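Biologist: Hi! Could you walk me through this one? I'd like to start with the ligand and then move on to the chains.

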Amino acid sequence: MQPEVTTMPALEVTVLVSVGRHPLTGRTRRADQDARGVELARSLADAQVRLLHAGMRDESSEAALRGYLGMGFTQLSLLEQPEGADVLPALAEALDATSPHLVIAGERAERGEGSGLLPYLLAERLGWPLVSGLAAVESVEDGVATLLQALPRGQRRRLKVRLPAIVTVDNAAPAPRQSAYGPARRGAFETTAGPVSDDEEWAAWQVQPARQRPKRLKIVKAASARDRFKAAAAKAEGGGGQVLTDVSPEQGAEAILMLLREEDVLR
Amino acid sequence: MSDLPRRDPRQEWIARNRLHPRHAEVLLAAGQGAASEWQGPNGLVRRNPHAIGFVGPNGVKRIDRSGTQQGAGGGGAMRPAAERKPLVEIEAPAFLVAVVPDMAGGRLSGHDRDLLGLARQLADADPVARGAVVAVIFGPHKETSFAEAGVDRLLHLDSPDVAGYAPEARLGALTLVEEAWAPRHWLLPDSKLGGGELGRRLAVRLGERPATSVWQVAADAEAVMGWQCTARGAAGSLDIRRPLSRVALALAECAEPVSETRHAATELALPQPLPSTLSRIQDLGQVSVDPSGVALSEAEFILSAGNGVKDWPGFHHAAEVLGATEGASRVAVDDGFMARDRQVGATGTWVTARVYVAVGISGAIQHLQGIQTCDKVVAINMDPGCDMIKRADLAVIGDATQILEALVTLVAQAREEKRDAA
Ligand SMILES: Cc1cc2nc3c(=O)[nH]c(=O)nc-3n(C[C@H](O)[C@H](O)[C@H](O)COP(=O)(O)OP(=O)(O)OC[C@H]3O[C@@H](n4cnc5c(N)ncnc54)[C@H](O)[C@@H]3O)c2cc1C
């Protein structure tokens, strides 16, 4: 795709893309996290990005996959698999053959079991390190990537990992660009047949649309009427807190600082 | 055996009836007399009011005026609620259920407790052959209530190898646990923080296909492990009913947390030391993010301003120095000092901060609703009687402006010292 005139060896990146599902309409679309992964790969300097999908090819999935092509690609490698097959062997073989430096995947698929296990299985099978929940790739130098991992509560952690590696993308990664219609139409599928293995367990499970989870009731467990009354009549919960009256502002501040330190929220 | 006092109406009746032939005998058997009533040296009857009465089941002292007293002695402080729960000890467990809680912020989270509740459900299903729940925790912690959360055995691994983000070292440790005890079940929280990742790594290493996003577990004699579970699939849009696998990753509220019993939480140790693994992933530590960019609902540390804040530039400066996300009460927002999206409370944002510092907020019920799930609340207020003080874990009574100033000075000082030392 890119001219091979760069002095540095290009960073070969493979993005695993899947067919997503719109949360409201249920129609197929490009999967959100995978699209973020493609965007992440696009933002890397000197990267040779390849899209890889293993699955069935039909009208609706093709429409969804063309969404990725519309992000500025001319082709997408497709490993054809029947519906409900285990795509691991096919993907592992394809990755083994091309041996990219970096493999980017979403955290969980939007259809099927969606257990988020695939990147881990691939990592174990290929013997590569895996980093989950990426927000950004900061740099890649001398076969070592510096990554920014998204933590809960909007926090970030910086990690260094030796390539080749598999990374999964968090929802905190930059939003994907829009898919352009023209390139999406023009893009080609490079179809290969991979090894097929059926997923028998999945076929044996009972699958139905998710039903609303029951709301947890707040049960006051009290041994006696007196405790129940106290629980019902209590106004402000908590209590038993430490109250500092008649202290100088400095002493008060010190007590607060101690609590903040204890809770480890000061950086 | 329950230690509730048992009453025997006939004995009581005899004790009340001084003409009954067995009166003296019964009084003696009831253990009454000597301690609470005796004849003084001058022939006067002496009574000790502290010695009569007994402590009822709820810790309230009762005095039985009928003449009999059940259980001599008295007074004594009420035992703390935790100690009144029956202690369950499992000496020789039939099998083990291993749980790896997230321990976010060094404490068991609500999710962890639900998971331990589920582990108890699995362990206690068969009253004849009960299992024990082993909690495996990594790194330093501040938790004191493992026993109340339902932990029978505690394996605390605290070596520098497994601190921070070290999934490979932690996986190595869990593999050792597997080799040493071969737990029947492995339960991990399916959370972003670590359980979700560690559990998947473990399942892959053990060659198990884990049940992920499990939210319901029910006994089923026909299933492989004797349990059937319901798990979410396809980004939460499917319910998958399948047999429970050996490794299971469960969602929050998958079971009720343990509330009625206390467990031993005895410390375990690994039979062999942790192998030093050469990690291919290097943790460079957390990156400081702009706290004002963090959504209020998921901020970890919030400094919230109310009507009691007079010095607004000082407040913003304090938030910046402390690295806290700013919040506000409705009054502060209505008066135009803070943006609308910073409002905490019923009509604002429900926050989940671990530490919430309320500066000059009285604690109206609409505001308190918004901070229900906060772990630690600190109040700075002039009024020692306000509701925020009742809710707070630490309350400092005084002028907000001065206290914030002092706090900023202290923090800046500490940072300065650290820089000099480095
Ligand atoms: C339908 C409805 C919805 C509402 N929703 C919300 C909501 O979502 N969120 C919300 O916050 N409120 C809400 N409110 C408003 C709520 O009832 C209270 O009016 C409001 O929370 C009070 O804000 P406050 O504590 O900042 O002010 P005040 O009640 O005026 O309290 C100020 C406090 O500051 C202290 N103080 C004064 N000077 C100082 C000083 N120099 N140093 C230290 N302390 C000082 C005082 O002792 C006092 O305790 C709602 C009300 C209604 C009717």
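Predicted model: local features only at pLDDT ≥ 70, side-chain atom pairs only at ≥ 80, totals over all residues.

Modeller: Happy to. One term before we start: Ala, Val, Leu, Ile, Met, Phe, Trp, Tyr, Cys and Pro count as nonpolar, Asp, Glu, Lys and Arg as charged, and the others, Gly among them, as polar.

Biologist: Thanks! Which residues are closest to the ligand?

Modeller: The closest are B:Ser329, B:Thr347, B:Ser362, B:Asn381 and B:Asp399, out of 25 residues that surround the ligand.

Biologist: And what does B:Asp399 do there, in terms of distance to a nitrogen atom of the ligand?

Modeller: A polar side-chain atom of B:Asp399 sits 2.5 Å from a ligand nitrogen atom. For B:Gln343, a polar side-chain atom is 3.0 Å from an oxygen atom of the ligand. B:Lys310 also has a polar side-chain atom 3.4 Å from a nitrogen atom of the ligand.

Biologist: How much of the ligand's accessible area does the protein cover?

Modeller: The protein covers 73% of it, where the ligand on its own has 980 Å². Two elements of chain B give two or more residues to the shell: helix H9 (330-334) and helix H10 (365-370).

Biologist: Nice. Switching to the interface: how many residues does each chain bring to the contact?

Modeller: Chain A brings 83 residues and chain B brings 85. Between them the two chains bury about 7,500 Å², with 55% of that on carbon and sulfur atoms.

Biologist: Which residues of chain A lose the most area to chain B?

Modeller: Three arginines: A:Arg153, A:Arg213 and A:Arg216, which together make up 11% of what that side buries.

Biologist: How many salt bridges are found across the interface?

Modeller: The rule finds 11 across the interface of chain A and chain B, and the count over all chains comes to 34. One pair is B:Arg205 with A:Glu124, whose side chains meet at 3.0 Å, N to O. B:Arg205 lies in helix H7 (residues 195-206) of chain B and A:Glu124 in helix H4 of chain A, so this pair joins two chains. Another salt bridge is formed by the side chains of A:Glu113 and B:Arg242, at 3.4 Å, N to O.

Biologist: What about polar contacts there?

Modeller: The rule finds 36 residue pairs in polar contact across the interface, both residues at pLDDT 80 or more. Several elements of chain A supply at least two residues each to the side that touches chain B, including helix H4 (118-126), strand E8 (130-141) and helix H8 (249-263). H8(A) gives the largest share, 13 residues. By class, that side of chain A has 33 nonpolar, 20 polar and 30 charged residues.

Biologist: Last topic, the backbone. Where is the cis peptide bond?

Modeller: The cis bond joins A:Leu163 and A:Pro164, with omega about 0°. A:Pro164 is placed in the loop between E10 and strand E11 (165-169) of chain A.

Biologist: And what is phi of A:Asp246 near?

Modeller: Phi of A:Asp246 is near 50°, a positive value in a residue other than glycine. A:Asp246 lies in the loop between E15 and H8 of chain A.

Biologist: Great, thanks for the tour!

Definitions and conventions
Residues numbered from 1 in each chain as written. Chains lettered and ligands numbered in written order. Heavy atoms only, no water. Near = heavy atom within 4 Å. Polar contact = N/O pair within 3.5 Å; in protein donor to acceptor, adjacent residues only side chain to side chain. Areas by Shrake-Rupley, 256 points an atom, 1.4 Å probe, with all protein chains shown as cover. Helix = DSSP H or I, 4+ residues; strand = E, 2+ residues; numbered from the N terminus. Contact = heavy atoms within 4.5 Å. Buried area = accessible area lost by both parts, 1.4 Å probe. Salt bridge = Lys/Arg side-chain N within 4 Å of Asp/Glu carboxyl O.
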